[in-house]
Amino acid sequence: MEDTRRAWEMFDVVPLYNFGLPDLSQFAPSVHYESEHRFDPEANRKFTKTTFCTPKGNLVSTSIEDEWKGGCCTKYLITEEDELDILEYYLDELLAEGDFSAISSSIREMRKVIGEDQAMDIQWAMQPYELLCFPNTMDTAVFALTCPDIFRRLMDKILKLDEKLLPAVAAGGADFVFLGGPGSEMISPQYYEDFLVPYSKIITQMAHQNGLLVYTHICSPIEPMLSKGYYNQMGIDLFETLSEAPVGNVKSIEDAFSKLDPAICTRGNIGLDRLLECSPEEIREQSMHILEMAKKMGRKHILGASDYMFYHTPVENVQAMADAVRDFNANNA
């Protein structure tokens with residue numbers, strides 16, 4: 001957190017800090033995680049095996065992490081239908097807990113690091129369809145088809161858990177909570193209609209009742225979901241990202257703006273590929289185009305990258321974005 005704060009203090013910007021919810025397993029005394037690590041010096045790669053231990057049985061995940069590239073989960077905790085019983089046991093343990101004040105205390109400590117005047121988002125697998133991210137997105141979609149009864153039951157229990165977590169997150173001083181959603185390369189529009197839209201409406205209403213705003217990040221193809229109006233129905237306050245190819249698949253920033261409810265603030269959309277490879281002059285030009293189009297179309301827009309920046313992104317290109325916003329605001333004061 002301190003590294004992130006120091007990085008953004010290099011620039012004249014207003015950051016939106018995104019931090020993960022503290023580990024929920026602390027509220028389920030009968031479960032715990034065990035991790036094993038191995039490092040391959042030739043490949044410069046770290047291997048991690050994590051075991052989720054419960055009285056109902058154990059679940060195992062594996063991941064790899066490369067220097068300058070980040071990490072990737074190679075096996076998720078749940079891959080088979082019969083393993084969903086362990087997730088249900090874990091949810092029942094969490095739902096039996098009545099005091100989540102430790103969550104509030106942890107978020108207050110985060111506040112001390114970044115300061116009281118910065119925007120802060122707290123992220124967890126709040127969206128019920130994600131099943132706490134124990135399975136991957138594709139397996140989760142398959143479970144919805146192959147075992148719909150337990151799938152719905154688990155989602156409803158996650159809703160009840162969110163009812164307990166949202167007040168604790170708000171009491172800690174968060175501004176936003178994070179609502180995910182996969183793009184069209186992962187699931188179908190029907191999945192949005194059956195699960196994402198109806199459950200998102202419930203989640204966002206609960207967040208708003210607790211004084212929280214809802215931030216959504218979808219960095220992959222969002223058409224045809226955008227044209228079908230699904231994001232307008234979900235109760236989102238801040239949406240990113242409206243990216244053209246090759247990062248996303250919107251026709252243009254203008255077309256995307258025209259299809260989103262004007263009440264929804266947007267964020268982005270400088271492609272990570274361009275931030276990595278373009279000159280500062282090109283980044284400034286694209287930044288100005290986005291800002292001018294947002295003004296022309298009456299949009300509330302926060303200029304930013306289309307996703308978390310790659311390692312080795314030139315500092316000069318980030319500075320070019322900040323300079324563009326400063327000059328744009330000065331010219332339009």
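Biologist: Which strands form the open sheet whose pairing is parallel, and in what order?

Modeller: Seven strands form that sheet, in the order β1-β6-β7-β8-β9-β10-β11. This is a predicted model, in which local features need pLDDT of at least 70 and side-chain atom pairs count only at pLDDT 80 or more, while totals for chains, interfaces and linings use all residues. Residues are numbered from 1 along each chain as its sequence is written, and side-chain values use heavy atoms, with hydrogens and water left out. Helices (H or I, at least four residues) and strands (E, at least two) are DSSP runs, numbered from the N terminus.

Biologist: What makes β1 and β11 the edges of this sheet?

Modeller: β1 (16-20) and β11 (301-305) each have a single partner strand, so one side of each is left without a neighbour in the sheet. From one strand to the next the twist averages 25°; angles run from 0 to 180 degrees between N-to-C directions, and axes are lines fitted to C-alpha atoms, for helices over the stretch in contact.

Biologist: How do you know that β1 is paired with β6?

Modeller: Two strands pair if DSSP finds at least two bridges between them. Five bridges join β1 to strand β6 (residues 119-123), and the two run parallel. Leu 16 stands opposite Ala 119 in β6. Further along the sheet, strand β7 (residues 176-179) and strand β8 (residues 213-217) run parallel and are joined by four bridges, with Val 177 opposite Val 214 in β8.

Biologist: Why is β11 called largely enclosed?

Modeller: Buried means under 20% relative accessible area, exposed over 50%, and partly exposed in between (1.4 Å probe, protein chains only). Four of the five residues of β11 are buried, so β11 is largely enclosed by the rest of the structure. β1 is also mostly covered, with four of its five residues buried.

Biologist: What class does Gln 319 fall into, and why?

Modeller: At 27% relative accessibility, Gln 319 counts as partly exposed. Gln 319 belongs to helix α11 (residues 315-331). Leaving aside neighbours within four places in sequence, Gln 319 is in contact with Met 10 and Phe 11. Its C-alpha atom is separated by 8.4 Å from that of Asp 12, 307 residues apart along the chain.

Biologist: Why are α5 and α6 described as roughly parallel?

Modeller: Helix α5 (residues 148-172) and helix α6 (residues 189-209) pack at an angle of about 20°, with their axes 10 Å apart. Angles under 35 degrees count as roughly parallel, over 145 as roughly antiparallel, 65 to 115 as roughly perpendicular and the rest as oblique. α5 and α6 are therefore roughly parallel to each other.

Biologist: What is the handedness of the crossing of α5 and α6?

Modeller: That crossing is right-handed. A crossing is left-handed if the near helix is turned anticlockwise from the far one by less than a right angle, and right-handed if clockwise. The crossing of α2 and α5, by comparison, is left-handed.

Biologist: What makes α2 and α5 roughly parallel?

Modeller: Their axes come within 10 Å and cross at roughly 25°. α2 and α5 are therefore roughly parallel to each other.

Biologist: Which strands form the antiparallel open sheet?

Modeller: Four strands form it, in the order β2-β3-β4-β5. β2 (32-40) and β5 (70-75) stand at its edges, each with a single partner strand. Nine bridges join β2 to strand β3 (residues 45-54), and Glu 36 stands opposite Lys 49 in β3. Helix α2 (residues 84-95) lies across β3 and β4 (57-66), running at about 70° to β3.

Notes
Contact means heavy atoms within 4.5 Å.
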